[in-house]
Amino acid sequence: MIPAAFEYRRPSSVDEAVALLAADEEAKLLAGGHSLLPMMRLRLARPTTLIDLTALRGELSYVRDDGGVAAIGAMTRHHDVATSELLRRRVPLLAHAASMVGDPQVRHRGTIGGSLAHADPAADLPAVALVLDAVLVLTGPSGTREVAAADFFHGFLETALQPGEMLREVRVPIPAEGHGWGFVKVNRRAQDWATVAVAALLERDGAVVRRVAVGLANMGTTPLRARGVEEAITGRGEDGIDAASQRADEGTAPASDIAASAEYRRHLARVLTARALRQAFS
Amino acid sequence: MSILGNRVLRIEDPRLLTEGGTYMDDVPLEGAAHLVYVRSPMAHAAIRGIDTGEARAMPGVIAVLTGADFELPSDPPMGGGDEAMSRPTLARHQVCFAGQSVAIVVAQTRAQAVDAAEMVMLDYDHLPAVVDPEAAAEGAPYVHEAAGTNIVREFGELDPAIFEGCEVVVSQRVVNNRVIASSLETRGAMATWSEDGKLTYWLSTQGVHDARNVLANALKVDAANIRVIAPDVGGGFGTKVGLAPDELLVAAAARAAGVPVRWTETRSEAMANGHGRAQVQHVTVGGSRDGHIEAYQLDILQDVGAYAGIGAFLPQLTRMMACGTYDFPRVAVRARNVVTTTSPVIAYRGAGRPEACAAVERAVDLFANEIGMDPAEVRRRNVITPDKFPFTTKTGATYDSGEYTRALDLVLDAAGYSSLRDEQQRRRQAGDSRLLGLGMSLYVEITAGGGGSEYASIEMRQDGRAILRIGASPQGQGHATVWATMVSDTLGIPIDAVTVISGDTGLVPEGHLTGGSRSVQIAGSAVAETSDLLVQRAREVAAELLEADPADIVHDRTMGRFHVAGVPSSGRGWADIAEAAAPGGLVVEHRFQAKGSTFPFGAHLAVVEVDAETGKVTLQRFVAVDDAGRILNPLLAEGQRHGGIAQGAAQALLEEVRYDADGNLLTSTFADYEVITAAELPDFQLVPMETPTPLNQLGAKGIGESGTVGATPAVHNAVVDALLHLGVRHVDMPCAPERVWTAMRDAGGRTAEVAR
């Protein structure tokens with residue numbers, strides 16, 4: 001449980017962090033550490049340089065209203081996301097999901113940027129970012145660029161981040177007033193990764209769905225949108241939920257692992273999608 | 001007036017909560033090198049060679065040692081078996097489970113030792129893994145080829161004839177899942193040898209004296225030249241009884257390397273070494289439709305892991321306690337111990353008795369379900385009635401005292417059982433997807449198994465402080481609080497005028513261990529009797545001092561003084577008496593010998609809610625009656641009940657050691673192995689009940705393991721109860737969401753699909 005030897009750096013600005021990152025291809029950013037440090041202690045991860053972003057909290061920990069967009073600094077901790085007045089009022093799906101991440105210790109250390117950049121498909125926030133059409137702001141040696149969440153997650157723990165790039169901000173378009181949302185997960189213990197989690201966001205015209213997004217966690221190597229469900233429920237009312245939810249596992253490739261079989265995960269995706277949509281309707 | 005029975009706060013806590021404890025890894029030892037084990041990544045392999053050259057050349061490395069560097073005895077199978085199944089202290093020719101230690105690196109720092117351990121090159125020839133105990137019992141491949149079998153030993157016999165004439169016979173295969181004790185502090189040891197060959201050895205242990213004796217035998221050193229010290233110990237649960245090979249090797253490596261050596265086990269190492277439970281049971285129960293059980297058979301397959309250690313004894317206790325609280329006319333029990341290429345199985349909180357209770361309580365429920373009778377009623381009709389004590393069961397246990405029906409009624413009343421049944425019915429009729437399940441267990445267990453003895457001495461110093469030396473050493477139970485309370489109570493001095501010394505063979509000349517829920521009744525009785533003896537001795541000294549007959553000396557416990565009857569003004573305090581007793585001093589030494597085992601009992605009721613769509617189980621309520629005889633400190637006893645119930649519920653719902661088909665441990669971190677947390681548990685409703693035992697002056701039985709004995713079957717039965725109307729008869733533990741969902745689906749009951 002002792003990591004292999006590594007260099008430790010603690011930059012005091014994003015520019016400095018990016019320069020350090022660019023200088024060592026095997027470097028890793030420490031932005032909370034609840035996934036990275038256990039992997040290092042088991043020697044499953046062996047970064048040669050560990051770039052501790054704690055000193056960037058002043059620069060990168062914030063939630064602000066940026067004209068119809070909630071701009072969230074990458075170093076904002078889950079607890080701060082969960083308790084942000086702006087998010088609780090205007091993007092309650094994100095605030096709620098952040099309040100369900102891990103346990104209190106994790107939520108007081110782990111950050112939104114760390115979670116998204118780590119890209120564990122079992123994590124809660126990547127699926128939520130997909131549903132919210134979040135835009136991720138990346139900074140690297142050649143400047144800053146924006147990538148839609150839909151284009152960010154490439155595979156198991158793989159993202160659009162290029163060598164030397166770091167995630168600095170998460171930009172969440174604020175959903176329409178009166179939108180509905182739902183977030184449900186099944187896990188064996190409260191602190192566990194979700195066996196499956198489902199996030200839903202919907203806007204209605206009266207009783208009928210105008211716009212909907214359904215996101216799935218742990219149903220493949222990346223977080224996924226349940227496009228079949230979205231298609232089936234759009235233009236329909238609450239009575240369409242059960243039929244639409246049957247399509248929740250379309251196009252998914254869930255793993256069979258120690259927590260659950262793929263078959264059970266498919267079943268959970270259907271059940272939890274129906275529940276998330278019902279929450280979003282209520 | 002006695003302070004015993006009051007909620008005296010733990011005297012250990014101010015130190016633990018302010019300056020903090022000193023656990024194994026905190027103990028300073030100047031110049032100590034760090035030991036790290038090189039462990040087998042494979043479940044089963046022949047060792048062709050171990051290349052230590054590169055590792056030796058790594059920075060800071062002091063020594064790299066293999067089995068060839070030690071002359072240590074192998075441990076033959078405990079309780080008997082083929083010598084070919086013996087366990088080497090450090091593997092030499094073969095590894096038989098993933099995680100078995102094969103080499104040792106000693107380096108100046110722990111990080112250097114870990115780095116160098118990665119450079120030890122192992123050359124193996126793979127052998128087939130043997131993971132499934134039922135397959136292992138059938139035949140080849142063998143874990144220990146030369147033994148020609150995987151069965152270590154077998155005792156008892158099955159007897160199908162006992163079911164002749166039974167109106168109803170029900171059978172079920174029941175898995176008692178393999179679990180990990182997960183004490184907060186892992187194992188750890190530290191050793192330093194003096195130039196004249198004396199060993200000082202620190203160990204996170206449940207008993208320093210037992211550990212010392214094992215060291216003396218294995219290292220061929222006179223026990224008088226070994227001092228074993230237990231610092232604060234962060235939990236044991238049975239896993240720190242005796243001396244594990246990895247612990248012994250710390251002392252051997254320190255001698256071989258010529259430097260003081262310290263070792264702290266990592267969490268993943270702890271999870272790969274030493275599991276509990278691991279039985280596959282077949283229960284058969286027969287009786288009449290009026291609820292009378294006439295015959296019970298239990299067939300135990302005990303997976304002992306790669307080597308038969310303490311795990312070999314578990315089925316003996318399971319067999320002894322097989323009948324539980326019931327007066328079954330005919331009983332048959334067979335047990336077979338089988339080796340597999342998995343971690344050795346050792347003692348874990350209850351050690352054989354929870355397995356017995358789980359089997360019989362599941363069997364009684366299966367029988368009740370089959371005849372359509374309330375499980376509480378079936379229990380009432382079959383329990384041993386109070387007039388029959390002492391009662392000797394068909395499997396040879398002699399229960400000292402018990403009032404089983406009363407325990408059951410207390411728990412059911414406290415829970416509001418009949419209204420819970422009504423609510424269950426209401427939900428079933430309404431098609432509620434939140435299925436309600438009620439599960440009960442009525443248990444009896446054995447504590448201080450086989451009796452046993454313990455050492456105590458009390459010295460009254462001239463400053464009025466009493467020094468208690470006691471053989472039992474604690475792992476967080478609050479021993480010092482209880483002992484100090486008892487001494488205070490008997491002597492009539494403040495609790496904080498008592499110093500408790502334990503856990504050091506250099507300071508306490510004799511002792512045994514803390515385990516099997518023995519401490520209050522055995523060590524506690526030693527403290528009680530020694531306190532009485534000290535008062536007696538003080539009375540004699542006071543008589544001389546006051547020039548009176550000892551019979552006329554009054555001991556005033558409220559003031560802690562001795563005076564001549566009728567002349568309280570003549571009184572002398574403990575300090576005066578101690579001074580008068582000089583130079584010999586006022587000190588008594590005593591060994592308490594228990595008359596026999598005691599049998600605590602109780603009843604638990606679990607209320608669970610099962611999500612019909614996902615199979616997820618939520619433990620909603622837990623009501624417990626745990627009668628452990630007289631309770632000396634309800635606060636500490638409740639703490640034992642809380643922890644035990646939590647661990648018991650965890651086995652039923654969450655915990656399960658998993659290996660893949662190649663014998664790789666899949667549950668090697670706390671991310672994979674599901675230890676229960678407060679978030680998964682309701683408040684426990686603890687109902688008091690005390691039936692004193694006649695076997696000791698305190699009237700006390702053990703409470704440490706009641707929770708794991710009673711809670712597991714209560715929660716397990718509750719899950720099955722929630723699913724009965726769907727046609728489910730049994731679900732194996734742990735009742736994880738997918739397993740429950742699968743059981744519902746396979747029963748062909750209401751499908752758990754979204755569409756309704």
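The model is predicted: local features need pLDDT of at least 70, side-chain atom pairs count only at pLDDT 80 or more, and totals for chains, interfaces and linings use all residues. Residues are numbered from 1 along each chain as its sequence is written, while chains are lettered from A and ligands numbered from 1 in the order in which they are written. Helices (H or I, at least four residues) and strands (E, at least two) are DSSP runs, numbered from the N terminus.

**Sheet in chain B**
- Four strands of chain B form an open sheet with mixed pairing, in the order 18-26-27-28. Two strands pair if DSSP finds at least two bridges between them.
- Strand 18 (434–444) and strand 28 of chain B are the edge strands, each pairing on one side only.
- Neighbouring strands are turned by 15° against each other on average, direction ignored. Axes are lines fitted to C-alpha atoms, for helices over the stretch in contact, and angles run from 0 to 180 degrees between N-to-C directions.
- Strands 26 and 27 of chain B run antiparallel and are joined by 10 bridges.
- B:Val608 has B:Leu619, in strand 27 of chain B, opposite to it.

**Helices on the sheet**
- Helix 11 (residues 404–415) of chain B packs on the sheet and touches strands 18, 26, 27 and 28 of chain B. Its direction makes about 35° with that of strand 26 of chain B. Contact means C-beta atoms, placed from the backbone, within 7 Å.
- Helix 16 of chain B lies across strands 27 and 28 of chain B, at about 135° to strand 27 of chain B.

**B:Tyr673**
- This residue sits in the loop between helix 16 (634–653) and strand 28 (684–687) of chain B.
- B:Tyr673 counts as buried because it has 22 C-beta neighbours inside 10 Å. The cut-offs are 20 or more other C-beta atoms within 10 Å for buried, 12 or fewer for exposed, and partly exposed in between, with C-beta atoms placed from the backbone.
- Leaving out residues up to four places away in sequence, B:Tyr673 touches B:Ile180, B:Met271, B:Glu655 and B:Thr667.

- The buried residues of helix 18 of chain B include B:Trp741 and B:Met744.
- Their cover includes strand 11 (180–186) and helix 13 (262–281) of chain A.
- Across the interface, 23 residues of chain B are in contact with 18 residues of chain A.
- Helix 3 (110–117), helix 7 (267–272) and helix 18 (737–746) of chain B each supply at least two residues of the chain B side.

Technical notes: Contact = placed C-beta atoms within 7 Å.
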